[in-house]
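Please read the points below with the model open beside you. They are set out as a colleague's note for someone meeting this structure for the first time.

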Amino acid sequence: MSTKLPKAKAIDFTAATERAMRVRRFYQQLEERNHNGAWTTEEDMLAFSTDIGALGRLVMAAEGRWIHDGEVKPELTAKLAECLWWILVLSDRLGVDMTKAFTSFMDKLDRDLVKSVAAADKHK
């Protein structure tokens, strides 16, 4: 098995983040009207954590390890998208450029794994 990876292309999350924040601003307007204040970043994180728990149950259901009433695939698809939305919202609120962060993380992971696979091949 080759340890060479294809040249990575940068993935630009700019448009996705802009769209995610547009939707978040609508929610913030509703929060202002209904609760006299928009959620804090911490409250956004708590909501995301709740969605992660729901995602966990849907993954288990998709793998036949959790009983679920309803159609798993569309709900799983929607929950994965919602979790990505939360990541984009949180990254924007915390001043993290996801394009740079993701590209940098993947570049490092690629380099580290190429070295690990090469080292494991030497010990065979």
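1. Leu84 has its place in helix 3, where helices (H or I, at least four residues) are DSSP runs numbered from the N terminus. At 43% relative accessibility Leu84 counts as partly exposed, a class that lies between buried (under 20% relative accessible area) and exposed (over 50%), computed with a 1.4 Å probe on protein chains only. Leu84 and Asp51 stand 33 residues apart in sequence, and their C-alpha atoms are 10 Å apart in space.

2. A word on the basis of these remarks: this is a predicted model, in which local features need pLDDT of at least 70 and side-chain atom pairs count only at pLDDT 80 or more, while totals for chains, interfaces and linings use all residues. Residues are numbered from 1 along each chain as its sequence is written, and side-chain values use heavy atoms, with hydrogens and water left out.

3. Helix 3 also holds Lys73, which is exposed, with a relative accessible area of 61%. Lys73 and Glu43 are 30 residues apart along the chain, and 28 Å separates their C-alpha atoms.

4. How do helix 1 and helix 3 cross, and at roughly what angle? The axes of helix 1 (residues 14-35) and helix 3 (residues 72-93) come within 9 Å and cross at roughly 85°, which makes helix 1 roughly perpendicular to helix 3, a label for angles of 65 to 115 degrees. The axes are lines fitted to C-alpha atoms over the stretch in contact, and angles run from 0 to 180 degrees between N-to-C directions.

5. The residues of helix 1 that meet helix 3 include Ala16, Thr17, Ala20 and Met21, and among their partners in helix 3 are Trp85, Trp86, Leu88 and Asp92; contact here means heavy atoms within 4.5 Å. The residues of this contact divide into 9 nonpolar, 2 polar and 3 charged, where Ala, Val, Leu, Ile, Met, Phe, Trp, Tyr, Cys and Pro count as nonpolar, Asp, Glu, Lys and Arg as charged, and the others, Gly among them, as polar.

6. Thr17, in helix 1, counts as buried because its relative accessibility is 13%. Leaving aside residues up to four places away in sequence, Thr17 touches Leu88 and Asp92.

7. Which residues line the largest pocket? They are Val23, Arg24, Tyr27, Glu31, Trp39, Ala47, Asp51, Glu82, Trp85 and Trp86, a lining residue being one with an atom within 4 Å of a point on the 1 Å grid, and a pocket being an open set of points where a 1.4 Å probe fits, with protein on both sides within 12 Å along at least five of seven lines. Helix 1 gives the most to this lining, with 4 residues, and by class the lining has 6 nonpolar, no polar and 4 charged residues.

8. Asn36 has its place in the loop between helix 1 and helix 2. Asn36 has a positive phi of about 60° although it is not a glycine, and Asn36 is exposed, with a relative accessible area of 73%.

Notes: Helices (H or I, at least four residues) and strands (E, at least two) are DSSP runs, numbered from the N terminus. Angles under 35 degrees count as roughly parallel, over 145 as roughly antiparallel, 65 to 115 as roughly perpendicular and the rest as oblique.
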